[in-house]
Amino acid sequence: MTRLTGRALRLTALIGEHDTWHHRPLYSEIVHRARAAGLAGASVFRGIEGFGASSLIHTSRLLSLSEDLPVAVVIVDTEENVRSFLPQLDELVTEGLVLLDDCEVIRYVGRTEGKPGEADRQGKKSL
């Protein structure tokens, strides 16, 4: 498992939920490539409303016809590791926004053994 504490770089790719890469959801391709590259972690968050460079509003409201909701793919790792991943991201993201932010990792702990949530039953919160 990657050890990550202290200064880090957060990469956020804001894309559309229906964006694809070779018939696969783009967010999934980014996450799988990040894992293959050995990055510390990646998460995908689905937005409920937003707009980008096209100024077209995408929303999950009932009366809206838009289903292409905004998606944020967030990756955090060392600056060196994130920057070395950027050429792959440049190949994948043809529409959207990619941001880099300095951040500080306070805690980065994965599960060691047992089932998900087992640490909760032992009085510890699992991440």
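**Close-up 1. Glu17, in the loop between strand 1 and strand 2.** Strands here are DSSP runs of E with at least two residues, helices are runs of H or I with at least four residues, and both are numbered from the N terminus. This is a predicted model, in which local features need pLDDT of at least 70 and side-chain atom pairs count only at pLDDT 80 or more, while totals for chains, interfaces and linings use all residues. Residues are numbered from 1 along each chain as its sequence is written, and side-chain values use heavy atoms, with hydrogens and water left out. Is Glu17 buried or exposed? With a relative accessible area of 18%, Glu17 is buried (buried means under 20% relative accessible area, exposed over 50%, partly exposed in between, with a 1.4 Å probe and protein chains only). Its side chain makes a polar contact with the side chain of Arg46 at 2.8 Å. A polar contact is a pair of N or O atoms within 3.5 Å; within protein, one must be able to donate a hydrogen and the other to accept it, and residues adjacent in sequence count only if both atoms are side-chain atoms.

**Close-up 2. The buried side of helix 1 and what follows the helix.** Helix 1 spans residues 26-36, and its buried residues are Leu26, Ser28, Glu29, Ile30, Arg33 and Ala34. They pack against several elements, among them strand 1 (6-16), strand 4 (42-46), strand 7 (70-77) and helix 2 (79-92); contact here means heavy atoms within 4.5 Å. Look just after helix 1 for Gly38, which takes a positive phi of about 80 degrees.

**Close-up 3. A salt-bridge network around Glu29.** A salt bridge is a side-chain nitrogen of Lys or Arg within 4 Å of a carboxyl oxygen of Asp or Glu. Arg33 and Glu29 are four residues apart in helix 1, so about one helical turn separates them. Through shared partners, salt bridges join Arg24, Glu29, Arg33 and Glu91 into one network.

**Close-up 4. Asp101 and Arg10, a salt bridge between strands.** The two side chains meet at 3.6 Å, N to O. Asp101 lies in strand 8 (residues 97-105) and Arg10 in strand 1, so the pair ties together parts that are 91 residues apart in sequence. Asp101 is partly exposed at 29% relative accessibility, and Arg10 is partly exposed at 33%.
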